[in-house]
Amino acid sequence: MADTPTIGPLGWLGQLLLYGVFAVVVGVFSRWPAYRHLAPDQALIKLSFNHQGKPVSECQRVSAEELAKLPPNMRAPLRCPRERSPITVELDVDGAPALRHVAQPSGLSRDGASAVYHRLQLPAGTHQLAVRLKDDVHTSGFGFTRDATVTLKPAQILVIDFDPEKGGITLQ
Amino acid sequence: MHPARTLRLASLGAYRRLEHAFDRPFGAALNPWRHLGALGFLMFWLLAVSGIYLYAVLDTSADGAYRSIDELSRRQWWLGGVLRSLHRYAADGFVLVMAAHLLREWLFGHYTAFRHFSWWTGVPLLAFAFVCAIGGFWLNWDQLGQFSAQATAEWIDALPLLAAPLTRNFLNVAAVSDRLFSLFVFVHIGVPLLLVFGLWFHIQRISRAAVFPPPALALGTLASLLALTLAAPVMSHAPADLSIEPGTLALDWILLFVHPLGDAVGHGVVWALLGTVLVWLLLLPWLPQRAPKTAAPGAASAPHPGVQAPVAVVDPANCNGCRRCFDDCPYAAVTMVPHPDKRLRQMARVDADLCASCGICVGACPSSTPFRSAAELATGIDMPSAPIGQLRRRLQRGLAALDPKALRLVVFGCDHGAQVAALAAPDVAVFSLMCTGQLPPSFVEYALHDGADGVLVTACPGTGCEFRLGQRWTADRLAGRREPHLRERVPRERLAVVCADPGQEVQLKAALRRLRQRINAAPAAAALAGERAHG
């Protein structure tokens, strides 16, 4: 009754071939073509920090009259603004400016840490680096600086971070 | 015509040719293009089974993860290594068949009306699948995993969501802790659980969902993946080292293509691209669909989304609560409720939001038999746009109009399958139904009883039925395997069933020719035709 064509030897061969094509497509594109993220003669600098800037304004002492107007549980003698300074960072490579970035404080009240992450590719070899960081709007210059001569191997990653407990700008 | 519709229909033609080409070696029933959803499930089961083993042997610490997986591939290649490779290749296969499944459903316009729920619940699964897949590379903490983890972190950091860059978790060795690996495990196991949940939703509105392909197709697919695991086992790159940038990587382009894409065009652009595609896919069911002004030849072969006939209607007076429509509905649109007029009896009820207007329930209804003596044939459940009584009248008129001196044939076809109109001739009466499943088997007997010498029934090939189960139920009913069945006394040599899609009309003509030859070869039929010619 049902008018269905049967699968002959050629059909079986075709199935074998098509299953093979499926396997080849999966096998090939799961590893080929090879991908290189960084050219062989290049090294990488990752400049990153997560640091809270200084407050934008000083704490103010609240007068006794003002304190008296407040509920008893809110009578703190010092009123400290929450907003933090943005952080400015500059990086020179071999005397030429390579990066300048101003990171704004996080949070709706701008009272959180400022975060930075930048990748910078450069040829492997010896380089003169100069890093400057400013975290206080009240000062004119950069509060933290670091000059270093580094020799980078191909594919090497140099991380420039900021850790006040380790003296400020770190290279690792 | 709308450019998007033009593109879709042009692509549909090319896709149909590809699908038909696979019919030759695989046969219509095992054609993998018609089992893409089920193949996706197969890949998922393979991922689950191999993944459970891999998780059991994985050392989920930052120091031990690489060693545990690498040793598995080297020291226990015959089991652990094979399962590891199978896990990766099944993930590749899952993404490929998922993409093909999405493309096929879009080409066929399967995203509006009653199908919008399945479409809408399927789109998020795309994202879940890639999140699972990408997270899997991190667990094997080799250079590829390192690259993928760093690239993903940079990609996420491109969105202004996190106060501190995620990338800082991969700045140096000290930053990669066992706690971070717990997060990796959560991503790679937690998100697949979400995927299972999503898949459950995805198939909620279809009955008899195919969560496993036919055994022969499953075996063939599994064998091809196993052959691949033996021919090209997956091995680890060098261990991750955060002090150096990974060198040349054997990148899995099927699963990790977003990383090179991000490098090439920028992470923001990748977000914009993927976001646009996902939003477009999500909104597609609700975008305005303009119907064609006139039905062009072969219109049924070019399904138009958004155009749906009125849904099935139950007639309590003719519904005896037999549950056949409930059993046969491909979209679970029929439920049984207490009959309003008959005590202790049930009656079918149609959920209009779920009904596909396919008419398969009409073909299932025992009251749809044309042998009933009522002047106006009414049945228990019917399609308002093509009632069963109208089909009986058309059949009676068609039979009366056939050339009495010739061998008289009747063809029942489907609006979504190969077009039957071209078969019409003085000795051939053709009837195109909403779906072949709408045809009650008794109509075949009725046609033969009322003067036809043979009946040809056409349906969509394999599981390619526009309404999923029409071809299957028709074949089962005509073969006597499902109620309502074609009665034993109907001479089977006078009946032919052929499966053909739009574009395969030549096969219909050939099937009709073979049926004619078969009937002519039968002495009784030839004598009958001779008598009619002389009388």
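This is a predicted model: local features need pLDDT of at least 70, side-chain atom pairs count only at pLDDT 80 or more; totals for chains, interfaces and linings use all residues.
Me: How many bridges pair strand β5 of chain A with β6(A), and in which sense?
Reply: Strand β5, which covers residues 87-93 of chain A, pairs with β6(A) over 7 bridges, and the two strands are antiparallel.

Me: What sheet do they belong to, and in what order do the strands come?
Reply: They belong to an open sheet of 4 strands in chain A, with the order β6-β5-β8-β9 and antiparallel pairing. The edges are formed by β6 (96-103) and β9 (144-152) of chain A, each of which pairs on one side only, and the twist from one strand to the next averages 15°.

Me: What about side chains there, say E90(A): which residue does it form a salt bridge with?
Reply: E90(A) forms a salt bridge with R100(A), and the closest N and O atoms of that pair are 2.4 Å apart. Because E90(A) sits in strand β5 of chain A and R100(A) in strand β6 of chain A, the pair ties together parts that are 10 residues apart in sequence.

Me: And how many salt bridges does a search of the whole structure find?
Reply: Over all chains, the search finds 26 salt bridges.

Me: Switching to the interface, how many of them lie across chain A and chain B?
Reply: Across the interface of chain A and chain B there are 3 salt bridges by the rule used. One of them joins D161(A) to R168(B), with the closest N and O atoms 3.3 Å apart.

Me: Which elements of chain A give two or more residues to the side that touches chain B?
Reply: Those elements are α1 (9-29), β1 (35-36), β2 (42-51), β7 (114-123) and β10 (157-163) of chain A. Of these, α1(A) gives the most to the side of chain A that touches chain B, namely 11 residues, and the residues of that side divide into 23 nonpolar, 11 polar and 6 charged.

Me: How many residues does each chain put into the contact, and what area is buried?
Reply: Chain A contributes 40 residues to the contact and chain B contributes 54 residues. The area buried between chain A and chain B is about 3900 Å², with carbon and sulfur atoms giving 62% of that area. As for polar contacts, the count between chain A and chain B is 19 residue pairs, with both residues at pLDDT 80 or more.

Me: Where does β1(A) pair with a strand of chain B?
Reply: β1(A) is joined by 2 bridges to strand β1 of chain B, residues 248-249, and the two run antiparallel. Within that pairing, Y35(A) has L249(B) in β1(B) as its bridge partner.

Technical notes
Residues are numbered from 1 along each chain as its sequence is written. Chains are lettered from A and ligands numbered from 1 in the order in which they are written. Side-chain values use heavy atoms; hydrogens and water are left out. Two strands pair if DSSP finds at least two bridges between them. Axes are lines fitted to C-alpha atoms, for helices over the stretch in contact, and angles run from 0 to 180 degrees between N-to-C directions. Contact means heavy atoms within 4.5 Å. Buried area is the accessible area (1.4 Å probe) that two parts lose on being put together, summed over both. A salt bridge is a side-chain nitrogen of Lys or Arg within 4 Å of a carboxyl oxygen of Asp or Glu. A polar contact is a pair of N or O atoms within 3.5 Å; within protein, one must be able to donate a hydrogen and the other to accept it, and residues adjacent in sequence count only if both atoms are side-chain atoms. Ala, Val, Leu, Ile, Met, Phe, Trp, Tyr, Cys and Pro count as nonpolar, Asp, Glu, Lys and Arg as charged, and the others, Gly among them, as polar.
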